Amino acid sequence: LAEQSRLDRVTEKEAWIARSLEVLRTRRIESVTLEKFLRRPEVTWGEICANAPELREVPETAVEQITFDVKYSGYVDRQQVTIDRAKRLSAKRIPRGFDYESITHLRREAKEKLIRVQPESLDQAGRISGITPADISLVMVHLENGQRPKSSESGESKNR
């Protein structure tokens, strides 16, 4: 839906960003790549250009994007780890009638809440007030070890 001139500007900006990132990743200062050097809060684009003069030609809009991307990349990476963990947790189902009582190191409060709520997934269990990441880890270990539902409840489900 965008006009061709706008698409051309975006394509050109992306090309500047790609070329600049290549320079930042390959050129070194103080035995550190310019990319890692730019991650430091006190380092400016001007200091980078002093070590890579060809980057002085980069348009301001591309410089702004590159600087933000590089300086915040650590935060983005950590957030991606959190997102990946949440996806894994939401995909991990808890069988009906799971025996929380058999998890020896699970806190009494956590056992009571999990038994009362009967969450369907680890993600749902993690959203229960008072359930800690350590509690979720213990449940996950027991799920991965193949613990089955309590025999009395699984027998009931066969008779339904």
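Arg39 is partly exposed, with 37% of relative accessible area; the term partly exposed covers values between those of buried residues (under 20%) and exposed residues (over 50%), computed with a 1.4 Å probe on protein chains only. The structure is a predicted model, in which local features need pLDDT of at least 70 and side-chain atom pairs count only at pLDDT 80 or more, while totals for chains, interfaces and linings use all residues. Residues are numbered from 1 along each chain as its sequence is written, and side-chain values use heavy atoms, with hydrogens and water left out.

**Salt bridges**

The whole structure contains 10 salt bridges. A salt bridge is counted when a side-chain nitrogen of Lys or Arg lies within 4 Å of a carboxyl oxygen of Asp or Glu. Three of these pairs are listed below.

| Pair | N to O distance | Relative accessible area |
|---|---|---|
| Arg39 and Glu35 | 3.9 Å | Arg39 37%, Glu35 13% |
| Glu54 and Arg27 | 2.6 Å | Glu54 32%, Arg27 31% |
| Arg108 and Glu101 | 3.1 Å | Arg108 44%, Glu101 36% |

Arg39 and Glu35 both belong to helix 2 (residues 34-39), where a spacing of 4 residues separates them by about one helical turn. Helices here are DSSP runs of H or I with at least four residues, strands are runs of E with at least two, and both are numbered from the N terminus.

Elsewhere, salt bridges with shared partners join Arg107, Glu109, Lys113 and Asp135 into one network.

**Positive phi angles**

Most residues other than glycine have a negative phi. Glu30, which is not a glycine, has a positive phi near 50°. Glu30 sits in the loop between strand 1 (28-29) and strand 2 (32-33), and this residue is exposed, at 54% relative accessible area.

Gln118 likewise has a positive phi, about 55°, without being a glycine. Its place is the loop between helix 5 (108-117) and helix 6 (122-126). With a relative accessibility of 34%, Gln118 is partly exposed.
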